[in-house]
Amino acid sequence: MAAMNLGQASPCLEAFASGRAAAKTIFDTIDREPEINCFSEEGDKLDVVKGDIEFHNVTFFYPSRPEVMILNDLSMQVKAGETTAFVGPSGSGKSTTIQLIQRFYDPEEGMVTLDGRDIRTLNIQWLRSLIGIVEQEPVLFATTIAENIRFGRPGVTMEDLIQATKDANAYNFIMDLPQKFDTLVGEGGGQMSGGQKQRIAIARALIRNPRILLLDMATSALDNESEAVVQEALDKVRMGRTTISIAHRLSTIRNADVIIGFEHGQAVEKGTHSELIERQGVYFTLVTLQNQGTSSEGMIYV
């Protein structure tokens, strides 16, 4: 009987082997120690933060594509309290700089500094608490508007929440909803329009009261009317903060204090809108190419 039962069990050995192989992958993932540990308590916390950001000869490529250099000896400065816009063709490294500032990755060579301190020496949770980010496609969770905004900073009062929505030009449309702040946004924010989702994301970023505001093509997915409302909110909230804006529409960045042109992973030009137009470099080329056939200056793309 024992031999018969063992014989009947033998076809299951393949399932046991597959289970062991799958479990090894899971346990390896659990045991892996990341190079950038976001739960680490190590690192310094600055008493006073101005918000000066500087890239010193930064070279970077993504670990999954080591043969493709994204940033090539990049050096640039973003001054505290100013709005700096990054422009350039796709793949020139604009969004990568924002990821390095948040320490999702560390540069292969060179360093990124905040107020003169290498950000690798700073506490990572504290560093990220200084940063608010609004992306092209904001991620909303399947809960209420109020809870989505509270994810920016747990434990905030209702007064803070209302003020953040007013600053983000979101208060009026929320008050028009039957359940107001208790309105469910749906899975991924599916119950909200593009402009409403974007303004909720801006309110969530503002509730943190960030010293550094990162805008990664925050209005590029919106129609002209929604873009005007969201852009008005962004213009209002960027005052007094170090703001970095990546944009494809001239109307969103032409009023920036400084515009930096990217090409092949390097910052090749820097200046105001009028200065770069006169220089006729990367910025001028992008404006000219995408302005062909467009009569309204407000619709110019870069």
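Which residue in S8 is the bridge partner of Leu215? In the predicted model, the bridge partner of Leu215 is Ser245. This pair belongs to the contact between strand S7 (residues 212-216) and S8, which run parallel and are joined by 5 bridges. Strand S3 (residues 83-87) is also joined to S8, through 4 bridges, and these two strands run parallel as well. Within that pairing, Phe86 stands opposite Ile246 of S8. Strands of a sheet pair through backbone hydrogen bonds, in either a parallel or an antiparallel arrangement.

The burial applies to both faces of the strand. Thr242, Ile244 and Ile246 are buried on one side, while Thr243 and Ser245 are buried on the other.

A further set of strands shows antiparallel pairing. Four strands in the order S2-S1-S4-S5 make up an open sheet of this kind. Strand S2 (71-78) and strand S5 (117-118) are at its edges, each with a single partner strand, so one side of each has no neighbour in the sheet. The partner of S2 is strand S1 (residues 53-60), and the two are paired in the antiparallel sense over 5 bridges. Here Ile53 stands opposite Val78 in S2. Helix H3 (residues 94-101) lies across S1, S2 and strand S4 (109-114), and runs at about 110 degrees to S1.

Side chains of opposite charge can pair when their charged atoms come close. In this model the count comes to 6 salt bridges. One of them links the side chains of Lys24 and Asp28, with a distance of 2.8 Å from N to O. Both residues lie in helix H2 (residues 13-31), where Lys24 and Asp28 are 4 residues apart, about one turn of the helix. Lys24 has a relative accessible area of 52% and is therefore exposed, whereas Asp28, at 39%, is partly exposed.

Arg103 and Asp106 form another salt bridge, in which the closest N and O atoms are 2.9 Å apart. Arg103 counts as buried because its relative accessibility is 9%. Asp106 is partly exposed, with a relative accessible area of 23%.

A salt bridge is also found between the side chains of Arg120 and Asp118, at 3.2 Å from N to O. Arg120 counts as partly exposed at 35% relative accessibility. Asp118 has a relative accessible area of 15% and is buried, since the cut-off for buried residues is under 20%.

Technical notes: Residues numbered from 1 in each chain as written. Predicted model: local features only at pLDDT ≥ 70, side-chain atom pairs only at ≥ 80, totals over all residues. Heavy atoms only, no water. Buried < 20%, exposed > 50% of the residue type's maximum accessible area, 1.4 Å probe, protein only. Pairing = 2+ DSSP bridges. Contact = heavy atoms within 4.5 Å. Axes fitted to C-alpha atoms, helices over the stretch in contact; angles between N-to-C directions. Salt bridge = Lys/Arg side-chain N within 4 Å of Asp/Glu carboxyl O.
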